[in-house]
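Subject: Structure handover

Hello,

Here is the structure we spoke about. Please have a look before reading on.

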Amino acid sequence: MLKFAISRIIAAIPTLFIVSVSVFFLIRLIPGDPASLMLGDLADAASLADLRSRLGLDQSIPVQFTIWLGNILSGDFGRSITSQQEVLPLILGRLRVSAEIVLIAVLLASVIAVPAGMIAAWRQNSLTDVALVSIATVLLSIPAFWMGLLLLLLFVLKLGWLPLVGYVSISQDFMQGLLYIILPVATLLLHEIGVIMRMARASTLEVMQLDYITHARAKGLSEAAVMWRHAFKNAFGPTWTLIGIVLGNLLGGIAVIETVFAIPGLGRLLVEAIFARDYPVIQGCLLMIATIYVLVNLVVDLLYPVFDPKVNAQ
Amino acid sequence: MTRLSPSAVLGVLLTGALLCAALLGAVWTPYDPLGLNFTLKLAGPGAAHWLGTDEFGRDVLSRLLTGAATSFWISFLTVCLAVSAGTVIGIVTGYFRGWVDRVVMMFNDALLAFPGILLALGLLAIFGANKYGIVLALGLAYTPTVVRIVRGAVMSLREREFIEASRVMGNSNAYTMLRHILPNCIAPLTVLATSMFGWVLLAESALSFLGLGVPPPAPTWGNMLASGRPFISQAVWLAIFPGLCISLTLLGINLLGDALRDKLDPRMRH
Amino acid sequence: MKRIVLSAMMLGLLSPQAMAQTITASIAQDVRSTNPGVNRDDTTDGVVLHMVEGLVGYREDGSVGPLLAQSVDMSADGLTYTFKLRTGITFHNGETFSAENVLWNWTRYMDPATEWRCLAEFDGRNGLKVESVTAPDAQTIVMTINQPSAVFLDALARTDCGMAGILHYASVNEDGTWNQPIGTGPYKFGTWKRGEYFELEAFSDYVTPAGSAPDGYVGAKKPLAEKVRFYVISDPETIKAGLLSGTVDLAAVASTDVPEFAANPDFNVADSVDASKHTLSLQVADPLLSKVEMRQAIAAALDLPTLVTQVTNGSGRPNNSAIFPQSMYYSDVQKQAFAHDLDKARELLAKAGYKGEPITIIANKRPTTPSFETAVVAQAMLQAAGINATIEVMEWGTQLSRYFSGNYQMMAFSYSSRFDPALSFEQFSGPKDTTSGKVWNNPEALKLIDEGKAVSDPARRQAIFDELHTLLLHDVPMIIYSNGVNDIVSNKRLEGAVSWQSKLRLWEVAKQ
């Protein structure tokens with residue numbers, strides 16, 4: 001197990017390297033220049049040249065890359081071009097905020113969606129099934145920026161139950177933190193329920209076609225026992241993989257929700273950095289997101305045997 | 001073989017309706033979808049404009065019809081691109097394993113870890129912000145997911161008896177992959193492709209919300225949904241109608257996908 | 001019942017007594033830094049200028065008045081400026097303000113290590129050079145410059161230069177790096193939770209300049225609230241919900257939301273007009289657009305008053321001049337406009353030999369400028385005149401780089417505020433071979449602009465600017481159609497003018 005984990009981590013190093021290289025060059029291929037964006041249309045040639053040389057943008061791209069890579073290896077992620085903050089503490093602070101929302105939402109979504117998907121599969125083509133599938137599809141087809149706005153209008157404006165903006169970490173003050181986090185979590189949750197429910201239904205259906213379920217039924221086991229002991233354990237594997245992918249993707253894709261609820265998270269940081277061409281921040285965010293992605297998938301793979309006894313981690 | 005289930009019939013009907021709307025939108029619309037009318041801004045649904053007008057006085061129904069064609073075409077091409085590229089890479093790497101597999105998967109994982117927004121912005125800037133730029137950007141963003149899923153399926157298939165049998169019988173690798181492996185990947189691929197169709201419709205909408213996306217004068221459902229958002233209290237129909245179109249299309253395509261899978265999956269043909 | 005209990009609980013949690021005297025505003029992006037004139041954007045200037053003040057500041061009409069100075073005198077040859085300083089002024093840390101502070105600040109700003117964005121305006125690289133700064137006594141500063149300039153004081157007052165704000169030494173760390181602003185403004189630095197909010201506290205020992213009401217950045221400046229908090233909210237819909245729920249007292253809203261708030265008895269709507277310019281810039285180096293008839297045809301094809309009404313939902317006023325309407329130089333000549341005449345447009349097109357070549361208008365979808373809306377409306381109007389216009393929408397950073405490289409035909413582009421007319425014209429004019437980002441390269445115009453920068457006599461300046469405007473209407477290097485309008489909605493609980501030049505200005509504003 002440990003050996004497997006270590007070899008996986010070593011195998012991830014080239015992946016992270018590829019991510020860093022491609023980010024570095026991709027963002028420099030995108031037109032737009034951080035110096036002129038910072039100075040706006042006011043830029044005159046003299047101050048533009050000043051700023052460019054201060055930011056090190058007047059050097060050739062390979063030179064810039066070598067400098068950046070050397071700094072990263074010594075633990076220096078550089079400073080943000082727009083806010084002058086150090087990139088690593090900035091990213092870690094923002095990551096905590098996003099991770100809190102994403103983890104809670106995905107956990108709750110799995111708890112709700114996996115059983116729902118299995119019930120739909122178990123009662124395939126019944127009214128329950130069609131209703132659950134329709135709900136999942138409708139949830140899937142409402143973009144997060146709409147869902148968030150609707151929740152916000154209902155709970156903040158109409159009912160006045162929840163505060164509009166702000167953020168308190170739930171690890172600092174649980175009750176306060178909860179108030180601020182409910183709406184973003186709910187928005188994300190409603191969308192992920194759709195995704196996970198569909199996957200759970202599909203993999204349960206797949207499993208139920210297999211011979212041993214028929215055998216189990218023939219043996220006269222109760223339907224509940226068949227579902228729990230045989231179907232669930234086997235159907236959860238693929239769903240678990242998907243939850244891993246979802247978790248990894250969300251950290252990069254949560255920007256929309258953080259924009260709607262004015263939450264200082266990683267997603268918004270990345271989007272704002274992209275618009276400002278804040279190269280050090282973009283590079284740092286991407287490296288962080290890729291690392292998390294690798295780690296999450298490692299954890300998922302390590303835990304896979306717990307859910308699916310047939311599969312051995314090696 | 002057997003009669004279709006009610007949900008399959010619903011799927012066929014909804015998808016058929018989408019195709020008809022797209023075809024109709026390509027040849028005829030009640031008004032010019034780009035024609036401005038300053039005297040009729042944000043008019044509610046009525047006799048002249050069945051689904052109302054938008055903030056420039058453009059007819060919403062005409063824009064929905066034109067948008068059906070654009071949205072369908074973008075989603076269709078993106079899914080085709082991602083599925084065909086992903087399937088080829090997934091089958092080849094999953095079948096041969098070895099160092100090719102390891103190197104390809106390294107790039108694949110790197111691409112998977114890349115946030116879609118950044119990829120889209122980069123590729124749109126390089127290829128130009130047009131329909132095909134979006135198709136390339138989203139297609140490239142979705143390919144690694146397809147690769148992962150196909151490769152997973154192939155790896156479990158290649159240990160199965162009938163694959164072994166095909167090899168023992170002296171069939172070439174290409175023949176085995178085409179004749180025996182590919183058909184067994186169709187089932188997960190249909191589910192994935194139909195889900196992806198929906199992702200594309202919405203991804204395009206999220207890109208519009210964040211300020212990227214298709215050049216907006218050409219209507220797509222996604223950018224209509226995003227641009228209707230500021231008018232939620234004055235003209236809610238601007239978002240409701242494209243939203244409904246997207247929901248119904250997704251429902252139709254998902255149901256159709258499930259029905260297709262039941263028909264195509266070899267294990268389910270009893 | 002349950003709802004009432006729950007709401008009461010929230011109220012208890014969210015509005016402790018201290019909040020009552022806090023004015024809450026919303027800003028679309030976080031403050032970049034608190035270092036005046038160094039790392040800034042318009043939003044940042046708006047917040048920072050509550051804390052720091054310069055020797056001089058803008059008045060409402062775009063002229064420059066004394067702020068920390070009591071008076072400013074220019075010598076007859078235009079080379080020596082004498083600033084008499086106000087007495088009895090203290091910094092936020094209680095230290096007394098005197099000429100010595102001005103000398104220290106000037107040395108700091110002129111040091112390249114400070115990274116002051118306006119350094120090039122004063123060290124000779126852009127022509128003007130400050131030769132010496134001395135303090136004959138504790139209440140007097142004398143500055144000498146290398147050539148007569150009509151824009152020297154204007155440059156000192158510029159908000160993007162941070163008003164060359166006077167700071168106490170303790171604002172910087174021992175190694176010279178920036179710490180936090182200790183200025184003389186009506187509000188002082190409170191707390192800053194990055195990405196969430198920026199909070200100012202009233203400076204109780206503030207001594208207001210003379211005047212019964214605020215006049216631009218001078219005039220009365222008393223802090224009337226205990227605190228001012230700026231929330232960072234970028235989604236316009238969330239901002240709207242914030243206003244309606246009372247979380248936010250004032251904010252800029254989309255022009256489409258103005259009718260709704262205007263009809264709501266709980267809110268005031270103020271159209272804050274500023275000196276920024278909304279334009280359709282033309283590339284005069286483009287083969288097609290290099291023909292003046294072609295550019296004139298485009299101007300004649302556009303019904304600009306209708307365009308302005310449409311893109312600003314009725315809150316904007318048409319203005320084709322580079323000078324903003326509140327300026328003392330906004331004469332009758334400046335009011336002359338491009339004439340909308342479709343027949344003339346077709347005639348000009350024929351003269352230019354136009355054969356239906358496509359013309360692409362580049363636009364962006366930033367919520368702060370009507371760029372995209374302008375492109376859509378202009379496209380329809382141009383098509384009606386037989387011009388084959390298309391639209392290309394791009395992200396702002398990409399558009400800006402296209403602007404700088406000159407790689408475009410038409411662009412819906414906005415320029416930030418310039419109060420002095422000469423600087424406003426200069427903002428978009430210059431030779432193409434050295435500055436590809438400039439739009440207007442007519443040598444005759446460039447000569448007039450240089451003269452406008454040098455002479456101080458208002459009558460002569462007026463004549464120059466009027467000549468420039470006439471030339472602009474004939475040359476059509478760009479079509480200026482309107483000035484910026486910010487629709488600022490404020491809760492009726494607030495009393496006082498909450499903004500000037502589209503920046504929030506929260507001194508002399510009280511909350512009931």
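Below are notes on its cysteines and on one serine.

This is a predicted model, in which local features need pLDDT of at least 70, side-chain atom pairs count only at pLDDT 80 or more, and totals for chains, interfaces and linings use all residues. Residues are numbered from 1 along each chain as its sequence is written, chains are lettered from A and ligands numbered from 1 in the order in which they are written, and side-chain values use heavy atoms, without hydrogens and water.

**The disulfide**

Over all chains there is one disulfide (a pair of cysteine sulfur atoms within 2.5 Å). Cys118(C) and Cys161(C) form it, with an S to S distance of 1.9 Å. The pair links distant parts of the chain, 43 residues apart. Cys118(C) lies in the loop between helix H3 (99-110) and helix H4 (119-122) of chain C. Cys161(C) lies in the loop between helix H5 (152-157) and strand E8 (187-193) of chain C. Helices (H or I, at least four residues) and strands (E, at least two) are DSSP runs, numbered from the N terminus. The S-S torsion is about -85°, so the disulfide is left-handed.

**Burial**

Buried means under 20% relative accessible area, exposed over 50%, partly exposed in between (1.4 Å probe, protein chains only). Cys118(C) is buried at 1%. Cys161(C) is buried at 0%. Cys285(A) is buried too, at 0%. Cys245(B) is in no disulfide; its nearest cysteine sulfur, that of Cys20(B), is 14 Å away. Cys245(B) is partly exposed, at 22%.

**The serine**

Ser110(A) sits in helix H5 (residues 87-122) of chain A. Ser110(A) is buried, at 14%.

Best wishes
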